Amino acid sequence: MKKKQRATFAGGCFWCMVKPFDQWNGVDSVISGYTGGHTENPTYEEVKQGKTGHYEAVEIIYDPNVLSYETILNIYWQQIDPTDDGGQFHDRGDSYRTAIFYHNENQKIAAESSKLHLEESGKFSNPIVTQILPATAFYPAEAYHQNFYRKNTVAYEEDRAKSGRDAFINQVWRS
């Protein structure tokens, strides 16, 4: 039996990245936070202003006996526009870029393989710009950001609808 593992992804606004993972059997938790930057314990305002180098990200704790890392990667790719290096949908700036943060060599290999598969699929005419980076310190976001889709359903649904994310997902991934 494998013990619980950690997967970390940046996919734009972390509010929109929690729900897609949170609904799967084998996922214990999805934490909104910040990673990849140079400031210890950054605040939301610091990250949003681009002062810390951090990405908005989610850290997923999962049971690999129930849900594989490869499945989690597939879920991830289908939440983002991997060709946009300026942010995601209506959220612009470096803190909203996409990245896969690997925690071990197996995750790195799986992430690189999934990215190559996506590049070779022909689904996108533009290059895949999502980076694959070593995981660094992960700082949980402030409490009001955690499980935002559950605690603030109306605000979450409104923000997600106006972002363009769902329209993109439906056009690219569901067609």
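**From values to words**

Tutor: Let us start with H38, which counts as exposed because its relative accessibility is 61%, where exposed means over 50% relative accessible area, buried means under 20%, and partly exposed lies in between (1.4 Å probe, protein chains only). Keep in mind that this is a predicted model, in which local features need pLDDT of at least 70 and side-chain atom pairs count only at pLDDT 80 or more, while totals for chains, interfaces and linings use all residues. Residues are numbered from 1 along each chain as its sequence is written, and side-chain values use heavy atoms, with hydrogens and water left out.

Student: Where is the place of H38, and which residues does H38 touch, not counting those up to four places away in sequence?

Tutor: H38 sits in the loop between β2 (27-35) and α2 (44-48), where helices (H or I, at least four residues) and strands (E, at least two) are DSSP runs numbered from the N terminus. Apart from residues up to four places away in sequence, H38 touches K51, T52, G53 and H54, and contact here means heavy atoms within 4.5 Å. H38 and A137 are 99 residues apart in sequence, and their C-alpha atoms are 9.5 Å apart in space.

Student: What makes N104 exposed, partly exposed or buried?

Tutor: The relative accessibility of N104 is 32%, so N104 counts as partly exposed. This residue lies in the loop between β6 and α4, and from C-alpha to C-alpha N104 is 9.8 Å from R6, although the two are 98 residues apart in sequence.

Student: Why are F89 and N147 put in their classes of accessibility?

Tutor: F89 has 16% relative accessibility and therefore counts as buried, whereas N147, with a relative accessible area of 25%, is partly exposed. F89 is in the loop between β4 (87-88) and β5 (91-92), and its phi is near 55°, a positive value in a residue other than glycine. N147 belongs to the loop between β8 (138-140) and α5 (148-151), and its phi, near 50°, is also a positive value in a residue other than glycine.

Student: What makes a group of residues a nonpolar core, and which residues have the most contacts inside the largest one?

Tutor: A nonpolar core is a set of buried Ala, Val, Leu, Ile, Met, Phe, Trp, Tyr and Cys residues joined through side-chain atoms within 4.5 Å. The largest such core has 44 residues, and those with the most contacts inside it are F9, F21, V58, I60 and I100. Helix α3 (residues 69-77) gives the largest share of this core, 6 residues. A second, separate core of 6 residues includes A10, A57, A99 and F101. In soluble globular proteins, nonpolar side chains tend to be buried together.

Student: Which residues of α3 are buried, and what covers them?

Tutor: The buried residues of α3 are Y69, I72, L73, I75, Y76 and W77. Their cover includes β1 (5-11), α1, β3 (55-62), β6 (98-102) and α4 (105-121).

Student: Why is α1 called oblique to α3?

Tutor: Helix α1 (residues 15-22) and α3 pack at an angle of about 140°, with their axes 10 Å apart; the axes are lines fitted to C-alpha atoms, for helices over the stretch in contact, and the angles run from 0 to 180 degrees between N-to-C directions. Angles under 35 degrees count as roughly parallel, over 145 as roughly antiparallel, 65 to 115 as roughly perpendicular and the rest as oblique, and therefore α1 is oblique to α3. In this contact, M17, P20 and F21 in α1 meet I72, I75 and Y76 in α3.

Student: What makes α1 roughly perpendicular or oblique to α6?

Tutor: The angle between α1 and helix α6 (residues 153-163) is about 105°, with their axes 10 Å apart, and that makes α1 roughly perpendicular to α6. W15, C16 and K19 of α1 make the contact with Y156, E157, D159 and R160 of α6.

Student: How do you know that α3 and α4 are oblique to each other?

Tutor: α3 and α4 pack at an angle of about 45°, with their axes 10 Å apart, and they are therefore oblique to each other. Here Y69, E70, L73 and W77 in α3 meet Q107, A110, A111, S114, K115 and L118 in α4.
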